[in-house]
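Have the viewer open as you read.

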Amino acid sequence: AIFSSPWLITKDWYDYNCNLTFWYHMKGAHIGQLDVKETSTGYWNKGDRVIWSQNSSVDNTWSFATATIWDIYTPGKFHFVGVRGDSYQGDIAIDDIAFNECPSVETLCTEVEFGCDHTPQCVHSDQKCDFMTDCSDASDESYCGSCTFEGSLCGLTGSPMGHFNWTRYRGQTPSLNTGPGTDHTYGNSTGHYMYIEVSGQSMGDIAFLETPVFRKSS
């Protein structure tokens, strides 16, 4: 099991004592291993390295750990990697993760951006799951599931060939005795769906809702 941070960076070159601290609990006759890995994008330290590891059971108490950070001056991220032992008695827990002596560490991406998984890139949140690859590792199109229309149109657009457009909407449609009163995802008036409002249109008028052009995956 891997638990990863977002992409992080420091703006202060004097944070050379920066380290990662946390509390961990490892107890059981079949304990596996807990590693902390650092992913660096720096020229000299590029790649993944283990900066802390524990592979034995400790007392039934929380223990404090400090992991020295190699490179925080270029975008990097950290991973807590839990490995199962040879049987079920080997639970691993972590808590209270913090940066010590790192006052200027901040996330690379803003609150309205999605951080790509394996590359230090930021794309706007609207570009997540829109059927178009924006991250070079394609992670913005991973784990998307179905398009529920809650956050966006998922890259779907109207077409100039149509006579009118589909509309993203929630709640009861405005025309009397027509349309759904709720969406299908949530089943209430807060959920969104797409619909066509035919009031004012002529018989036979067409509304298109099209996906982007898909590229064949390798």
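## Confidence first

The protein chain has a mean pLDDT of 82, with 89% of its residues at 70 or more; pLDDT is the predictor's confidence in each residue, from 0 to 100. This is a predicted model, in which local features need pLDDT of at least 70 and side-chain atom pairs count only at pLDDT 80 or more, while totals for chains, interfaces and linings use all residues. Residues are numbered from 1 along each chain as its sequence is written, and side-chain values use heavy atoms, leaving out hydrogens and water.

Strands are DSSP runs (E, at least two residues), numbered from the N terminus.

## Aromatic pairs

An aromatic pair is described by the distance of the ring centres and the angle of the planes. Rings of Phe, Tyr and Trp (its six-membered ring) pair if their centres lie within 6.5 Å; planes under 30 degrees apart are stacked, over 60 edge-to-face, and the rest tilted. By that rule, the count is nine aromatic pairs. Take Phe-22 and Phe-80: their ring centres are 5.0 Å apart and their planes at 90°, so this pair is edge-to-face. It bridges distant parts of the chain, with Phe-22 in strand S3 (residues 19-27) and Phe-80 in strand S7, 58 residues apart. Phe-22 is buried at 0% relative accessible area, and Phe-80 is buried too, at 7%; buried means under 20%, exposed over 50%, and partly exposed in between (1.4 Å probe, protein chains only).

Tyr-193 and Tyr-195 make another edge-to-face pair, with centres 6.2 Å apart and planes at 65°. Tyr-193 is buried at 8%, and Tyr-195 is buried at 11%. Ring pairs also tie Phe-22, Tyr-24, Trp-52 and Phe-80 into a cluster.

## His-25 and its neighbours

His-25 sits in strand S3 and is buried, at 16% relative accessible area. What does His-25 touch, leaving aside residues up to four places away in sequence? The list is Asn-60, Thr-61, Trp-62, Asp-91, Ile-92 and Ala-93, where contact means heavy atoms within 4.5 Å.

## Out in a loop

Asp-86 lies in the loop between strand S7 (76-83) and strand S8 (91-100). Asp-86 is exposed, with 67% relative accessible area. Its C-alpha is 7.4 Å from that of Gly-32, 54 residues apart along the chain.

Key: Helices (H or I, at least four residues) and strands (E, at least two) are DSSP runs, numbered from the N terminus.
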